Amino acid sequence: MSTSYERLAAIDKAHLWHPFTQMKDYVRSEPLIIERGDGVMLYDVQGRGYYDGFSSVWLNVHGHNVPELNRAVTGQLGKVAHSTLLGMSNVPAVELAGKLAAIAPEGLTKVFYSDSGATGVEIALKMAFQYWRNLGIRGKTSFITMEQAYHGDTIGAVSVGSIPLYHDVFRPLLFPSLTIPYPYAYRHEGGAEAAAEATLSALRACLERKADEIAALIVEPIVQGAGGIVVMPPGCLRDIAALCRRYGVLLIADEVATGFGRTGAMFACGLEDVAPDLMVVGKGLTGGYLPVAATLATDDVYQAFYADYEAQKTFFHGHSYTGNPLGCAAALASLELLEKNRVVEGVESKAAFVRRKLEVLEDRPHLGEIRQKGLMVGIELVRDKRTKEPYGWEERIGVRVSQRARELGMLTRPLGNVIVFIPPLASTIDELDAMTRILTAAIGDVTER
Ligand SMILES: *Cc1c(COP(=O)(O)O)cnc(C)c1O
């Protein structure tokens, strides 16, 4: 009789095709099969515990198995699990829309639900596109995106994506976008100021020539996530927003990774008082419990669709589970807990603690750069510190450091040569201390062996 782990692992390897995973490597490995969670810990079926050092891919806010969130979901389950939003409404979806409008950057008063960051991005793109058509303005059909942008994996989101490894294979399927650099100071010869200026001058040039053809610019505000946890120089987002406004191009803020306190403000746009025309949220919206995303729009965008039925200006878009009551109930409870526990207010001091703890890495031979905004940290490792020569792909340096961290009791997932540390916002100082110890040990063990 095989153990439960062996049985599950065999079925897993035989039948489960995992996302963003080379299955040839996976089936040769000893898969990690999670059974339960408690606070910032996850436990596998063999009873081993791991710190959730990447918030289960950047979702988790309050930890796992949180009584308040559990109660909200089970309470809603006793009422109704799902009913549609097509032409009708449900209680948690209504309450959550009001709440989101109240905490969003100024002007974002309308909430359109979906079920993932990618679908939320699709909605923003389609809204921006149809906005100009509904106004009777022809030709504004393109989008500006940024190098190394990641907005999700559906075809529209991939069309404004710009990570060659993920996106190039699909290029023939995609609509073309205009691409400007994201200010990546570490790999820009002139440093932060020059990197920001390169972005802004590319944007200016693009808008001067082509504003008439551009519906919107989409940006990961302040921190570019999947592109390597790249932090914008101060003021850059504000200048990007001002240029969009000046040239009559809508601004779409993709806050899927940065929203709900991750960077130290409720939304990263708030760090520079930027009010986008459209904003996409997902990931942490439900505290990492259930798949709910939302696209927030200004009244100006909304009014372009608000017309007589016959005018056919309706936004013809929706998903079966749009506004799912269980998910919305979880989101409401998560937002309540954010307020009650003053979670967002606590991020800056926790972030400062993490920054101090990671200082020991600074003079390590393979440390390129530590990038951090709030509790979103990327540690870029390099083969040669002086020349910034990257590790080769075949060295799998990020994968190996993450594997070592798992052996030491913490889960994370790298972005190429960038080690990711994105702990749940509710992590205590003691927990952050333990996690950063594992992180620094894993980096040392792998790069200095
Ligand atoms: C994760 C992410 C997405 C995609 O969200 P999914 O829920 O995985 O579809 C979009 N944009 C950003 C910035 C993200 O980090």
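Me: At what angle do the axes of H9 and H10 cross?
Reply: In this predicted model, the axes of H9 (residues 191-210) and H10 (residues 236-246) cross at roughly 5° and come within 10 Å. Angles under 35 degrees count as roughly parallel, so H9 is roughly parallel to H10.

Me: Which residues of H9 and H10 meet?
Reply: From H9, the residues are Ala196, Thr199, Leu200, Leu203, Arg204 and Leu207; their partners in H10 are Cys236, Asp239, Ile240, Leu243 and Cys244.

Me: How many nonpolar, polar and charged residues does that contact have?
Reply: The contact of H9 with H10 has eight nonpolar residues, one polar residue and two charged residues.

Me: Changing topic, how many salt bridges are there?
Reply: The count comes to 20 salt bridges.

Me: What does glutamate 68 form a salt bridge with?
Reply: Glutamate 68 pairs with lysine 340, and the closest N and O atoms are 3.8 Å apart.

Me: Why do glutamate 68 and lysine 340 fall into their accessibility classes?
Reply: Glutamate 68 counts as partly exposed because its relative accessibility is 28%. Lysine 340 counts as exposed, with a relative accessibility of 58%, since the exposed class begins over 50%.

Me: And arginine 404, which side chain does it meet in a salt bridge?
Reply: The side chain of arginine 404 meets that of aspartate 445, at 2.7 Å from N to O. This pair links distant parts of the chain, with arginine 404 in helix H14 (residues 397-408) and aspartate 445 in helix H15 (residues 429-447), 41 residues apart.

Me: How accessible are arginine 404 and aspartate 445?
Reply: Arginine 404 is partly exposed at 24% relative accessibility. Aspartate 445 is also partly exposed, with a relative accessible area of 29%.

Me: Which residues are linked in a network of salt bridges?
Reply: The network links Arg187, Glu369, Arg371 and Glu380. Within that group, the side chains of arginine 371 and glutamate 369 meet in a salt bridge at 2.7 Å, N to O.

Me: Is arginine 371 buried or exposed?
Reply: Arginine 371 is buried, with a relative accessible area of 5%.

Technical notes
Residues numbered from 1 in each chain as written. Predicted model: local features only at pLDDT ≥ 70, side-chain atom pairs only at ≥ 80, totals over all residues. Heavy atoms only, no water. Axes fitted to C-alpha atoms, helices over the stretch in contact; angles between N-to-C directions. Helix = DSSP H or I, 4+ residues; strand = E, 2+ residues; numbered from the N terminus. Parallel < 35°, antiparallel > 145°, perpendicular 65-115°, else oblique. Contact = heavy atoms within 4.5 Å. Nonpolar A, V, L, I, M, F, W, Y, C, P; charged D, E, K, R; others polar. Salt bridge = Lys/Arg side-chain N within 4 Å of Asp/Glu carboxyl O. Buried < 20%, exposed > 50% of the residue type's maximum accessible area, 1.4 Å probe, protein only.
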